[in-house]
Amino acid sequence: MQLAYVLQCALILVMAALVLLWRGPEPAVAALYGGAVALANVGMLVWRWRRGRYDYHCDGHRHLRQFHRSMLERFFVVGIMLATGIGGLNLEPLMMLLGFIVGQCAWMVAAATLKTD
């Protein structure tokens, strides 16, 4: 999982560098912020996954509640961070969402190819 997270970080940095060359510094900052939102989302997912490895139980209802809570936590954190980027920091929304999407796709590709536990 850590290697997939590192690869995600590297791909976000490469994407931000490409946006810097293509559009300039302000859109690059917005894209980097969107990538940071994706990193926060995956960080929370990895944190929950690691906690679940040591807090093992066989109760299906409890497992489903924890899964649902984790999903809601990540949803609200991502929503608040994206709203802060657009409303509070006045970042370019399209570039910020591009960074977020690239970060999420980088995680999916890295995790699928590395087949981490």
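This is a predicted model: local features need pLDDT of at least 70, side-chain atom pairs count only at pLDDT 80 or more; totals for chains, interfaces and linings use all residues.
Which residues does Gly-34 touch, not counting residues up to four places away in sequence? They are Met-96, Gly-99 and Phe-100.

Gly-34 belongs to helix H2. Gly-34 has a relative accessible area of 0%, so this glycine is buried. Another glycine to look at is Gly-103: 69 residues separate Gly-34 from Gly-103 in sequence, yet their C-alpha atoms are 7.7 Å apart in space.

Now the two helices around that spot. Two packed helices are described by the angle between their axes and the distance between the axes. For H2 and H4, the axes come within 6 Å and the crossing angle is roughly 40 degrees. H2 and H4 are therefore oblique to each other. The crossing of H2 past H4 is right-handed. On the H2 side, the residues that meet H4 include Pro-27, Ala-30, Ala-31, Gly-34, Gly-35, Ala-38 and Val-42. On the H4 side, the residues met by H2 include Met-95, Met-96, Gly-99, Phe-100, Gly-103 and Trp-107.

Next, H4 by itself. It runs over residues 93–114, which is 22 residues. At 1.5 Å a residue H4 should span 32 Å, and its end C-alpha atoms are 31 Å apart, so the two values agree. Which residues of H4 are buried? They are Met-95, Met-96, Gly-99, Phe-100, Gly-103, Ala-106, Trp-107 and Ala-110. Seen down the axis, these buried residues of H4 fall within an arc of 145 degrees, so they line one face of the helix. The face turned away from that buried side carries Leu-94, Met-108, Val-109 and Thr-113, which are exposed.

In the loop between H3 and H4 sits Asn-90. Its phi is near 55 degrees, a positive value in a residue other than glycine. The relative accessibility of Asn-90 is 64%, so Asn-90 counts as exposed. Just after H4, Lys-115 has a positive phi of about 50 degrees.

That leaves H1. Helix H1 has 22 residues and reaches 31 Å from first C-alpha to last, close to the 32 Å expected at 1.5 Å a residue. Its buried residues are Ala-4, Gln-8, Ile-12, Met-15, Ala-16 and Val-19. These cover an arc of only 115 degrees around the axis, which puts them on the same side of H1. On the other side of H1, the exposed residues are Gln-2, Leu-3, Val-6, Leu-13, Leu-18 and Leu-21. The cover over the buried residues of H1 includes H2 and H4. Just after H1 comes Gly-24, with a positive phi of about 115 degrees.

How do H1 and H4 pack, and at what angle? The angle is about 145 degrees, with the axes 8 Å apart. The crossing of H1 and H4 is right-handed. From H1, the contact involves residues including Ala-4, Leu-7, Gln-8, Leu-11, Met-15 and Trp-22. From H4, the contact involves residues including Leu-98, Gly-99, Val-102, Gly-103, Ala-110 and Leu-114.

To close, back to the starting point. Gly-99 is touched by Gly-34, and Gly-99 is also part of the contact between H1 and H4. Gly-99 is among the buried residues of H4.

How values were computed: Residues are numbered from 1 along each chain as its sequence is written. Side-chain values use heavy atoms; hydrogens and water are left out. Helices (H or I, at least four residues) and strands (E, at least two) are DSSP runs, numbered from the N terminus. The expected span of a helix is 1.5 Å times one less than its number of residues. Buried means under 20% relative accessible area, exposed over 50%, partly exposed in between (1.4 Å probe, protein chains only). The arc is that of the directions from the helix axis to the C-beta atoms. Axes are lines fitted to C-alpha atoms, for helices over the stretch in contact, and angles run from 0 to 180 degrees between N-to-C directions. Angles under 35 degrees count as roughly parallel, over 145 as roughly antiparallel, 65 to 115 as roughly perpendicular and the rest as oblique. A crossing is left-handed if the near helix is turned anticlockwise from the far one by less than a right angle, and right-handed if clockwise. Contact means heavy atoms within 4.5 Å.
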